[in-house]
Amino acid sequence: MTIFLVQRRPAAVWRRYRHLVWAAAYCVLIVYGSLYPFSDWQRPHQLPFLFLFQPWPPYVTRTDVLTNVLAYLPLGFLLFKATRGMLMIPVLYGVLLSFLMETLQAFVPGRVSSNLDVLTNAAGVFFGATLAWWISRQLWPCNTLAVWRQKWFLPGRTVNTGLLLLGLWVLSQWSLQLPSLVAGNLHGHFSPYWETLADPSRFKFMEALIYFLEIAGLGLFAATLMRPGRRLSVFFVVLFAVAVLLKLLTVAILLKLSVLTRLFSLEALVGLCSGLALLLVSSGWRAELRSHAPVVAVLAAFIAAQTIYWLNHPATAALASGWPSAPVTLLNVTGLAFLISLLWPLLAIAHVMLNSLFVRRR
């Protein structure tokens, strides 16, 4: 009995302090992102904390504000869990960490300390802690989402990991570098569909193929997580509608509403509609989808298409040539989303293959 208790003790300790460990690890990431590149530090011309009393920055971008909020949101969530339901302590810790990082940034060349960053970082911690409190109380819509998760998706931690990958896909769509399903490469000057119809030579086949493979791969991957007997056709239509709504939301937040006409390029319309058509046709092949082979094939084709686009597109080729400085591009939400957009299909394939192996062993 004593041996059993000794063996159980490490697991019990981990369950008690795991959120604190994850919060500490996330703080390390924040410190790395805030103080990179950790070289050529210089003495500031004034006291480093005087930025608190300076006017607001003259130029504020929506991307910077969103990056600051999202960067500290997970920290607030983890600190709320670590402090076991205290709301203001995570906010206090977040404000102190943000103030320390902004103060130290006065010594880092190329970084600018900002009182607005402290405010937006504190807002991110507050939103994260509030989200954790909301979930812990099982208030709406968290209770409704929990019911939907139990009703539509298979049980188990493996499926939870798959749902987390779907969340990473949503984050990946904030990338403006590659033609992703939500943001698209609007900086690539896509033409409205009526202009391409007038001049079909302007049609970009590779972009349409990427749209097609991404929506098809996403839907097939999500289908592997669903319970048998659920109507896949309804699920695919809802997934398609959510993707289009996310597309409009992302453009409205990160870019300008005036570019919405470019959003509906012929490449996007053809790719999205073709992907939805494939999903609707495949909704009757539930037995074949359980083999996971179609999911892996579509996701692998999506990776190949993205790779070809990456190697041939001038903008992404220029970014690739400066890859040693890539960590600098990850300091905002669009840079992080760009990296996730490259990694998530690989992670999805790994998840599908491991899940298939696990099912066979059972």
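The following is a conversation about how terms are applied to one predicted protein model.

Colleague: What should I know about the model before asking about residues?

Modeller: It is predicted, so local features need pLDDT of at least 70 and side-chain atom pairs count only at pLDDT 80 or more, while totals for chains, interfaces and linings use all residues. Residues are numbered from 1 along each chain as its sequence is written, and side-chain values use heavy atoms, with hydrogens and water left out.

Colleague: How many helices and strands does the protein have?

Modeller: There are 16 helices and zero strands. Helices are DSSP runs of H or I with at least four residues, strands are runs of E with at least two, and both are numbered from the N terminus.

Colleague: What makes the span of helix 3 close to the expected one?

Modeller: The expected span is 1.5 Å times one less than the number of residues. Helix 3 (residues 88-104) has 17 residues, and its first and last C-alpha atoms are 24 Å apart, close to the expected 24 Å. Its buried residues are P90, V91, G94, L97, S98, M101, E102 and T103.

Colleague: Why is I340 called buried?

Modeller: Buried means under 20% relative accessible area, exposed means over 50%, and partly exposed lies in between, with a 1.4 Å probe and protein chains only. I340 has a relative accessible area of 11%, so I340 is buried. I340 lies in helix 16 and touches L168, L171 and S172, leaving aside residues up to four places away in sequence. A contact means heavy atoms within 4.5 Å. The C-alpha atoms of I340 and Q173 are 8.8 Å apart, although the two are 167 residues apart in sequence.

Colleague: Why is L346 called partly exposed?

Modeller: L346 has a relative accessible area of 46%, so L346 is partly exposed. L346 also lies in helix 16 (residues 333-361), and its C-alpha is 9.5 Å from that of V296, 50 residues away along the chain.

Colleague: Is A304 buried or partly exposed, and why?

Modeller: A304 is at 38% relative accessibility and therefore counts as partly exposed. A304 belongs to helix 13 (residues 293-312).

Colleague: Why is H45 called exposed?

Modeller: Because its relative accessible area is 89%, H45 is exposed. H45 sits in the loop between helix 1 and helix 2, and its C-alpha is 8.9 Å from that of A106, 61 residues apart in sequence.

Colleague: What makes the nonpolar surface patch?

Modeller: L47, F49, L52, F53 and F99 make a patch of about 490 Å². Patch residues have over 30% relative accessible area and no salt bridge; nonpolar side chains (Val, Leu, Ile, Met, Phe, Trp, Tyr) are joined within 5 Å, like charges within 9 Å. A salt bridge is a side-chain nitrogen of Lys or Arg within 4 Å of a carboxyl oxygen of Asp or Glu. L52 is at 36% relative accessibility and so counts as partly exposed. L52 is in the loop between helix 1 (2-35) and helix 2 (62-82).

Colleague: What are the totals for burial and contacts?

Modeller: Buried residues make up 39% of the 362 residues. Among contacts between residues at least 6 apart in sequence, 78% join residues at least 24 apart.

Methods:
Areas by Shrake-Rupley, 256 points an atom, 1.4 Å probe, with all protein chains shown as cover.
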